Amino acid sequence: MSDKKVLITAALPYANGPVHIGHLAGVYIPGDVYARFQRRLRKDVAFICGSDEHGIPITIRAKKEGVSPQDIVDKYHEIIKKSFEDLGISFDEYSRTTSPKHYEVSQDFFKTLYNKGKFTEEVSEQYFDEQAGEFLADRYITGTCPKCGNDGAYGDQCEKCGSTLSPSELINPKSALSGNVPVLKETKNWYLPLNEYEDFLKEWIIEGHKNDWKPNVYGQVKSWLNDGLKPRAMTRDLNWGVPVPLDDATGKVLYVWFDAPIGYISFTQEWAEKNGKKWQYFWQNDNAELVHFIGKDNIVFHCIIFPAMLKAHGNYILPKNVPAFEFLNLENDKISTSRNWAVWAHEFVQDFPNQQDVLRYALLSSAPETKDNNFTWKEFQLKNNSELVGIFGNFINRVAVLIHKYYDGILPDLNADFSELDEIRKIADEIKNALENFEFRNALSALMNLARFGNQYLQTEEPWKTIKDQPEKAAKSLFISAQIAVALAQMCEPFMPFTSEKLLKMFNTEKKNWDEISGILIPPKHQINPAELLFQKIEDEQIDAQIQKLENTKINNKKTNPNANPMKDEINFEDFTKIDLRTATILEAEKVEKADKLLKLKVDTGIDVRTVVSGIAESFSPGEIIGKQVMILLNLAPRKIRGIESQGMLLLTTKPDGKLSFVTPDEKVENGVEIG
C-alpha cells in the first residue's frame with residue numbers, strides 16, 4: 001500500500017428525513033466511486049461521513065411530530081445508514097454528531113480557538129419569538145430574499161439564488177415556530193471574524209486553485225470574497241446541540257456549521273481508534289490529501305468557514321479539492337422533501353430489489369457535475385434496458401455461454417498476437433484520468449465504450465461460425481473476449497460494485513490494483529464459472545407504477561385536507577343527471593343476524609317505503625336513528641346483502657374519530673324532495 005493518505009469526506013446528511021436520489025447523485029455515489037478508485041490505486045483511504053443531528057431542520061421536524069429531537073435523529077440515522085449500506089456506499093466510518101467523541105472533539109476545537117483569542121465576544125440584538133420564548137436561529141427565521149425576491153428564504157441562506165444571508169437582511173421576517181413577527185432582543189455570542197481571513201483565503205483559493213477546482217466552486221468562492229466577508233457567530237441560543245464549553249455560556253450551543261464539519265475530524269478519530277490507526281496521519285500530515293464531496297448549497301461552509309476554522313486552529317491540513325455538484329431535478333421539477341417530490345433511497349431498494357447498481361449507473365450517467373441535471377423514470381428504464389442489459393450484460397453473457405459451449409468453461413490454450421487487448425489499457429487510463437479530474441460521467445462513458453468494443457469485436461469475429469472451419473481463430477476471439485469481460489469486471493467495481501462482485505466470481509478471478517488492469521488478465525486453461533444474469537429488463541408496468549406514485553404526490557400536494565381520499569374516476573354530466581337523490585325518513589331499524597356492521601332499515605322515500613341494508617351498526621344503534629331524516633340514492637340498482645334485497649344507499653360521511661355521520665337537510669322537509 002502507498003504511503004499516500006487520502007481522506008475523503010461526504011457532506012453530513014441531516015437526520016430529519018431519508019436520503020433521496022438528489023443526495024445520491026450529487027454527493028454520495030460520486031464520493032464512493034472516488035474512494036473505491038483511490039483504494040484500487042493502493043492508497044491509504046479513509047472515507048468518512050455521518051449524520052448531522054444538530055441542524056435546525058431536526059428541531060423543526062421534532063416540533064411538528066410532537067417528539068424530542070433525539071427521537072427524530074435516532075429514527076432517521078438508522079434509515080440513512082441502512083440506505084447507504086444497501087446501495088454499496090463504502091464508508092470506512094459512518095457516525096453521528098451526537099456521539100460522545102464528537103462532543104469531546106468539537107468542544108476541544110472551540111476551546112482551542114477561544115484560548116488563542118480567535119473569537120470576538122459581541123452583544124447583539126437577535127430575533128426573539130415572544131410567543132415561543134426562544135431566540136431564533138437562522139433557520140427558524142423566514143422571509144423575502146433581498147437579492148432575488150424569493151419569499152421562502154431562510155435567515156442564513158436563500159436556496160433559490162444561493163446567496164448567503166444573515167437574519168437582519170431578510171425582508172418581512174417571520175418566526176418558523178409561531179408564524180409571528182419576531183422582536184429584537186440583546187444576547188451575547190462568540191464570533192469568528194471571517195474578514196481577518198480574507199487574504200489567506202484569496203491566496204489559498206483564488207491563486208492556488210484557479211486551475212484545478214471546478215468552475216462553479218471557484219466562481220462562487222471568488223464572488224463571496226470579492227463582496228467582502230463579515231464576522232459570523234459560532235454559537236447559538238438553542239437547547240439542542242453541542243453545549244458551548246464556557247462557564248458564562250449557559251443555554252448556548254455551537255453553531256451547527258461549526259460543529260458539523262468538525263464531525264469529519266471526530267469521525268476519523270473514531271475510525272482510527274477502532275482500526276489501530278493514527279488519525280493524525282490523515283489530518284495533520286503533509287503527505288495526506290483531503291477531498292470534500294458536497295452539494296453546491298454547502299460551498300460557502302466548506303470553502304470559506306471551515307478552512308478559516310482550520311487555519312485559526314493551526315494544526316490541520318486544508319482540502320485539496322471540493323468537487324461540489326449542482327442539483328438533480330426529478331421529472332423536470334426541483335426535488336423537494338417538503339412536497340415529497342423525490343425518489344427515496346430506501347423505497348427504491350424495496351421497489352427494485354437487487355438492482356442497486358442500475359440506480360448507481362443511471363445517476364452517475366446523468367450526474368449534475370457542472371450544471372443542474374434531470375432524472376426521469378423513462379430514461380432510467382432506457383439506460384437499464386438498452387445499455388446495461390443490451391450492451392454490457394449481453395456481451396458478458398455471450399462470452400461466458402460460448403466458452404462453456406465450446407470449451408467446457410476452460411479458456412483455450414494458444415499462442416497468438418493479442419494487440420486487440422491494447423484497448424483495455426487505453427480505457428483503464430481514460431477512466432483513471434477522468435476520475436482524477438472528478439469527471440464521473442466521462443469515466444462511466446469510457447467504461448461502456450469498452451463493453452461496446454467487446455460487442456463489436458465479438459460480432460465481427462463470429463466465433464459461433466468460425467468454430468467449424470477455423471477453430472484457432474474462434475479460440476483466439478473467445479480468449480480475447482474473455483480478457484475484455486474480465487477487464488470490465490475489474491473496471492466497473494468503483495461504479496457498480498455488486499455487478500463487479502458477480503463478474504469476478506463468474507470469471508473465477510480476484511480484484512486487481514488499477515494499474516495492473518492490462519493485457520492478459522486470466523491465463524490459458526483458466527476455468528470460468530457458468531454465466532449468471534447481471535441485469536434484468538425493467539418492464540413498463542414497473543416504471544408506470546413509479547410515475548403514478550409521483551402523480552399521486554402532485555394530487556396530494558394540492559389537497560387542503562391531507563386526509564382526503566383521491567378523487568374517483570371522472571364521469572360525464574349525462575351520468576350525473578341520472579343520479580336520483582331524495583330526502584327520506586327512517587321508519588324502522590334492526591340488526592342483521594350474524595353481521596356486526598349491518599342494519600336493516602325501512603325508509604319512507606316519499607314515493608314508496610323500501611328496504612335498505614347499510615353498514616352503520618358500529619356508529620348507530622337502531623333506536624337512535626328511527627325518525628331520522630336522511631338523504632338516499634334512490635335509483636341505485638337493487639342488490640342482495642346477506643339474503644336481503646337492498647333498494648338504495650344512504651349518504652354518509654366519516655368523522656375524525658372514524659364514526660359515521662348522516663348527510664341531512666339543514667331543516668326538516670317533506671320526504672321525496674329531489675337533491676341537485
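The following is a working conversation about a predicted model of a protein chain.

Colleague: Which domains does the assignment give for the protein chain?

Modeller: The assignment gives domain 1 (5-118 + 193-330), domain 2 (120-191), domain 3 (391-527) and domain 4 (573-674). Please keep in mind that the model is predicted.

Colleague: What separates the centres of domain 1 and domain 3?

Modeller: The centres, taken over C-alpha atoms, are 40 Å apart. Domain 1 puts 17 residues into the contact, and domain 3 puts in 17 residues.

Colleague: And how much area do domain 1 and domain 3 bury between them?

Modeller: Domain 1 and domain 3 bury about 1,500 Å² between them, and 68% of that is on carbon and sulfur atoms. On the domain 1 side, the residues that lose the most area to domain 3 are V33, F37 and R40. Together they account for 48% of what that side buries.

Colleague: How many salt bridges are counted between domain 1 and domain 3?

Modeller: The count is 2 salt bridges.

Colleague: How many salt bridges does a search of the whole structure find?

Modeller: The search finds 37 salt bridges. One of them, as an example, links K82 and D86, with the closest N and O atoms 2.9 Å apart.

Colleague: Where do K82 and D86 lie?

Modeller: They lie in helix 3 (residues 69-86), and because they are 4 residues apart there, about one helical turn separates them. K82 is partly exposed, at a relative accessible area of 49%.

Colleague: What about K188 and D248, which parts do they tie together?

Modeller: The side chains of K188 and D248 meet in a salt bridge at 2.9 Å, N to O. K188 is in strand 9 (residues 183-192), whereas D248 is in the loop between strand 11 (235-236) and strand 12 (253-254), so the pair ties together parts that are 60 residues apart in sequence. K188 counts as partly exposed at 25% relative accessibility, and D248 is partly exposed with a relative accessible area of 41%.

Colleague: Which residue does D333 form a salt bridge with?

Modeller: D333 pairs with R339, the closest N and O atoms being 3.3 Å apart. D333 is partly exposed at 27% relative accessibility, and R339 is partly exposed at 30%.

Colleague: What does F258 touch?

Modeller: Leaving aside residues up to four places away in sequence, F258 touches S106, F109, F110, L113, F119, M234 and M309.

Colleague: On to cysteines. How many disulfides does the structure hold?

Modeller: The structure holds 0 disulfides. For C145, the nearest cysteine sulfur is that of C148, 3.8 Å away. C145 counts as buried, at 2% relative accessibility.

Colleague: Last topic, the backbone. What is the phi of K525?

Modeller: K525 has a positive phi of about 70°, although it is not a glycine. Most residues other than glycine have a negative phi. K525 sits in the loop between helix 17 (497-506) and helix 18 (540-558), and K525 counts as exposed at 59% relative accessibility.

Colleague: Where does R642 lie?

Modeller: R642 lies in the loop between strand 21 (639-641) and strand 22 (644-646). R642 is not a glycine either, and its phi is positive, about 55°. At 55% relative accessibility, R642 counts as exposed.

Technical notes:
Residues numbered from 1 in each chain as written. Predicted model: local features only at pLDDT ≥ 70, side-chain atom pairs only at ≥ 80, totals over all residues. Heavy atoms only, no water. Contact = heavy atoms within 4.5 Å. Disulfide = S-S within 2.5 Å. Buried < 20%, exposed > 50% of the residue type's maximum accessible area, 1.4 Å probe, protein only. Domains from an automatic or database assignment. Buried area = accessible area lost by both parts, 1.4 Å probe. Salt bridge = Lys/Arg side-chain N within 4 Å of Asp/Glu carboxyl O. Helix = DSSP H or I, 4+ residues; strand = E, 2+ residues; numbered from the N terminus.
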